[in-house]
Amino acid sequence: MAAANALEKMSFEEALEELETIVRDLETGKAPLEKSISSYERGIALKQHCENKLRDARSKIEKITVGKDGSLSTKPFDQKE
Amino acid sequence: MPGAEAIKSNVPEFSVSELAFSLKRTLEEQYARIRVRGELSRIKIHTSGHLYTDLKDADAVINAVCWKGTVSKLSVKPEEGLEVICTGRISTYPARSNYQLIIESMELAGEGALLKMLEERRKKLAAEGLFDPARKKPLPFLPETIGVVTSPTGAVIRDILHRLEDRFPRHVLVWPVLVQGPGAAEQIAAAIDGFQNIDPRPDLLIVARGGGSLEDLMPFNEEIVVRAAANSKIPLISAVGHETDTTLIDHAADLRAPTPTGAAEMAVPVRAQLQAQIMQDGQRLYSGLTRLASELQHKLEAKSRGLGDPTRLLEVKTQRLDHAADKLPRVFTFLDHTQKIFDRWSEHLAALQPRLTRDWEKRVDYAGKMLGAYSFENVLQRGFALVRDAQGHVITDAAAIKSGQDLDIQFKDKKHIKVQSR
């Protein structure tokens with residue numbers, strides 16, 4: 001299990017995958033109680049992390065402009081252009 | 001033979017130059033704008049940038065030239081053996097009386113020829129391994145930034161942005177490019193390459209274009225675009241034309257979407273679904289632990305029943321305690337008895353003490369009396385006297401007395417008389 005993984009650095013996918021693994025393990029109920037409790041706590045943290053990632057969803061549309069010297073810059077993209 | 005002269009003179013006489021320029025005029029007027037179908041052969045691009053080639057079919061061949069400025073605008077990249085229709089004009093070179101086709105534009109000769117060319121190009125690129133399944137990169141589950149290479153105008157970009165917004169709003173970088181016509185392929189390739197080094201680097205690319213004719217989609221078949229897509233370090237979704245259209249970039253892409261909207265659907269998961277999934281996971285997490293806890297509790301209860309009634313165990317112990325406690329008073333009795341003995345002896349001792357001390361007093365008294373009886377003073381009482389010399393020493397022998405010695409005589413009444421011997 002990637003228990004040592006720092007939550008902040010985990011991608012949504014990694015966090016979700018670990019969360020689902022924990023859920024399945026917990027549902028089979030084979031682990032000792034103490035491990036189950038720490039799994040549960042880890043699971044709650046992962047769930048929180050996933051929720052944060054989902055909450056962060058904001059659209060930001062930018063257009064890339066190539067300057068005459070080849071330099072790149074971005075500016076807001078106007079869809080009505 | 002004048003007849004022969006006359007006939008001869010009837011035929012106009014041209015100088016070589018006159019003929020050559022006459023031919024030039026005739027040909028250039030007659031063939032000022034023509035379309036010629038043929039196969040490209042012996043293609044050569046001169047250092048000047050002009051392109052020289054032969055256009056041929058089974059029975060004939062014509063030289064053709066395409067000036068530098070036109071070459072870069074051709075929608076078809078001239079290739080050996082390619083069957084094309086060239087639009088242009090005939091021009092002659094009077095110095096050599098050569099004539100040639102000046103190519104102004106070039107298109108592929110029919111769909112069959114185009115498809116044949118594409119198939120050959122596909123085979124060539126496939127042989128290089130550009131389409132290998134091993135090269136395909138997995139798409140990120142949830143990209144943070146999506147780079148889109150497409151026309152900034154039109155339905156395609158709108159469709160993509162709308163669908164992304166519906167599913168999972170993301171940071172989108174649009175790299176505007178021409179999607180058809182001259183220069184489009186170069187721009188598309190440059191955009192794909194450009195995205196590789198941009199900051200923030202997108203973690204997913206979408207290269208998209210709406211439907212169009214086979215010719216319209218040609219930029220997405222160009223080698224330069226296919227190579228850029230194949231070399232992209234960023235996972236790339238191609239969405240070019242309609243579902244039935246296949247362009248070579250589709251083979252090089254990590255995933256091919258049937259439409260631009262489809263590309264957006266492949267790019268991101270549905271946020272609301274994920275939220276529901278996470279919520280469900282949270283509930284499962286909780287109920288999983290709760291169930292485990294209650295299972296363990298039941299097990300514990302079952303085990304504790306096996307232990308029997310603890311109060312009964314306690315009763316036995318209590319009984320033992322009572323029993324032991326019963327013995328305690330006896331111990332106290334023993335102590336009590338011992339104390340009494342001690343007390344008694346103490347009394348004896350106390351009674352003994354005065355008797356012991358009185359005995360001693362008597363003996364001292366007796367000794368004192370004895371001492372008195374034996375004292376010289378008592379002898380003096382009986383009429384004896386004690387003689388001492390001047391130093392107080394007792395003189396018991398008369399022989400010890402010298403003549404003229406001072407003597408001290410003590411009598412019964414303890415009076416001393418000083419005498420002198422003779």
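1. Buried area is the accessible area, taken with a 1.4 Å probe, that two parts lose on being put together, summed over both. In this predicted model, chain A and chain B bury about 3,300 Å² between them. Carbon and sulfur atoms give 69% of that area.

2. The contact count is 39 residues of chain A with 36 residues of chain B.

3. Charge pairing comes next. Two salt bridges are counted between chain A and chain B. One of the two chains' salt bridges joins the side chains of Arg284(B) and Glu27(A), at 2.8 Å from N to O.

4. Which elements of chain A each supply at least two residues of the side that touches chain B? They are the helices α1 (12-28) and α2 (33-55), and the strands β1 (60-66) and β2 (72-76). The largest share comes from α2(A), with 12 residues.

5. By class, the side of chain A that touches chain B holds 19 nonpolar residues, 14 charged residues and six polar ones.

6. Strand pairing also crosses between the chains. β1(A) pairs with β7 of chain B, residues 171-176. The sense is parallel, and the pairing runs over four bridges. Within this pairing, Lys60(A) stands opposite His171(B) of β7(B).

Terms used. Residues numbered from 1 in each chain as written. Chains lettered and ligands numbered in written order. Predicted model: local features only at pLDDT ≥ 70, side-chain atom pairs only at ≥ 80, totals over all residues. Heavy atoms only, no water. Contact = heavy atoms within 4.5 Å. Salt bridge = Lys/Arg side-chain N within 4 Å of Asp/Glu carboxyl O. Nonpolar A, V, L, I, M, F, W, Y, C, P; charged D, E, K, R; others polar. Pairing = 2+ DSSP bridges.
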